Amino acid sequence: MRLFEAIVDANHRAVAGDASAGLHPADFADALPIIALTCIDPRLNAFFPNVLGIPADQFIWLRNAGNIVTGTMTSTMRSLALGCAVKEGREIAIIGHTDCHVSQTPTMLLLDKLKRLGVDRSQLPENISEFFGTFASERQNVIKACGFVRQSPLIGPKIPVHGLVVDITNGQLDWIVNGYETWQTLPKPGAIDFAQSSSPAIGALGSLAAFDLGEMKFPNQRIGDAAGQRDLGDIKPMVSGGTVAAPRLDPMPGQPQLGAENSARRPPPPTEWVKPGSARTGENPNKKPLPPPIRSKIVDRDRG
Ligand SMILES: [Zn+2]
């Protein structure tokens with residue numbers, strides 16, 4: 001079982017009420033840290049990285065409104081690329097969420113809200129929905145984002161790019177794109193036609209299709225000097241500086257199954273989790289439906 005397969009498995013078991021559900025990050029050292037792009041919705045603040053069951057220092061967190069990626073060479077793509085190259089992120093996950101207000105705000109309402117904030121419509125691009133990347137379906141938005149990231153010449157082909165949606169009510173993760181299954185079949189970066197990108201900026205950057213990340217050098221000049229600070233602002237400092245071994249994308253047949261060992265050796269769960277609206281739990285109705293969000297345990301295995 002590979003990292004995100006183990007994450008989703010542990011997450012589903014935790015959601016189902018299995019207090020022993022957990023993840024052994026040490027078993028997946030080759031796949032950590034991960035880089036996640038999520039929405040800016042504050043309701044997600046307490047969810048991550050808890051619902052993934054990985055330590056905070058192995059979680060590189062990028063956020064934008066709607067977890068939107070609008071092209072293969074955008075500022076978000078640059079952050080993802082630098083997250084991999086500079087911070088040694090090994091896997092990328094685009095994680096949307098249910099009840100996303102970005103997808104629920106019609107263009108006319110958005111324009112009205114902007115107007116009330118003093119934004120002049122004439123200063124905005126003609127196609128508002130394309131400019132802001134607003135979307136109707138969270139799942140399709142995640143698929144689209146995964147496609148751009150997977151096809152970006154800035155992201156090496158060995159980095160798995162996953163797509164998931166987290167349920168804002170209970171923290172359950174659902175697969176949208178399994179990056180382990182798709183990464184081998186995608187076209188090489190040079191084969192991407194940037195003219196087909198929905199981002200108007202991409203056509204002008206078409207010559208960058210030949211850009212070779214292997215030629216990217218950071219010797220005497222800080223990245224921010226060349227790239228412009230405004231483009232790097234969304235890289236969160238919540239990252240690990242530790243070195244990580246080369247990515248390992250093959251299945252790990254010898255991977256111990258979660259929960260395989262004696263649960264008596266596990267520490268008690270850090271939080272009590274109660275699934276909201278769950279009839280079979282029979283809990284006190286006064287109990288808080290969602291205490292700290294579900295937390296797939298981080299388990300320190302006793303290897304002795
Ligand atoms: Zn959202």
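**A hairpin and some backbone exceptions**

Before going on, the sources. This is a predicted model, in which local features need pLDDT of at least 70 and side-chain atom pairs count only at pLDDT 80 or more, while totals for chains, interfaces and linings use all residues. Residue numbers run from 1 along each chain as its sequence is written.

Back to the strands. β5 covers residues 161-166 and β6 covers residues 173-177; the two run antiparallel and are joined by four bridges. Pairing requires that DSSP finds at least two bridges between two strands. Together β5 and β6 make a hairpin, with six residues between them. In that turn, Gly171 has a positive phi of about 80 degrees.

Now the exceptions. Most residues other than glycine have a negative phi, and most peptide bonds are trans.

Pro33 sits in the loop between β1 (22-23) and β2 (34-38). Another cis bond links Phe48 to Pro49, again with omega near 0 degrees. Pro49 belongs to the loop between β2 and β3 (59-63).

Glu88 is not a glycine, yet has a positive phi of about 60 degrees. The loop that holds Glu88 runs between α2 (75-85) and β4 (91-97). Asp99, also not a glycine, has a positive phi of about 60 degrees. Asp99 is in the loop between β4 and α3 (101-104).

Are these two buried or exposed? For burial, I count other C-beta atoms, placed from the backbone, within 10 Å of a residue's own: 20 or more is buried, 12 or fewer is exposed, and in between is partly exposed. Glu88 has 19 such atoms within 10 Å, so Glu88 is partly exposed. Asp99 counts as exposed because it has 12 C-beta neighbours inside 10 Å.

Finally, the whole chain. The protein chain has nine helices and seven strands. It has 304 residues, of which 37% count as buried. A contact means two C-beta atoms, placed from the backbone, within 7 Å. Among contacts in the protein chain with a separation of 6 or more, 77% are between residues 24 or more positions apart.
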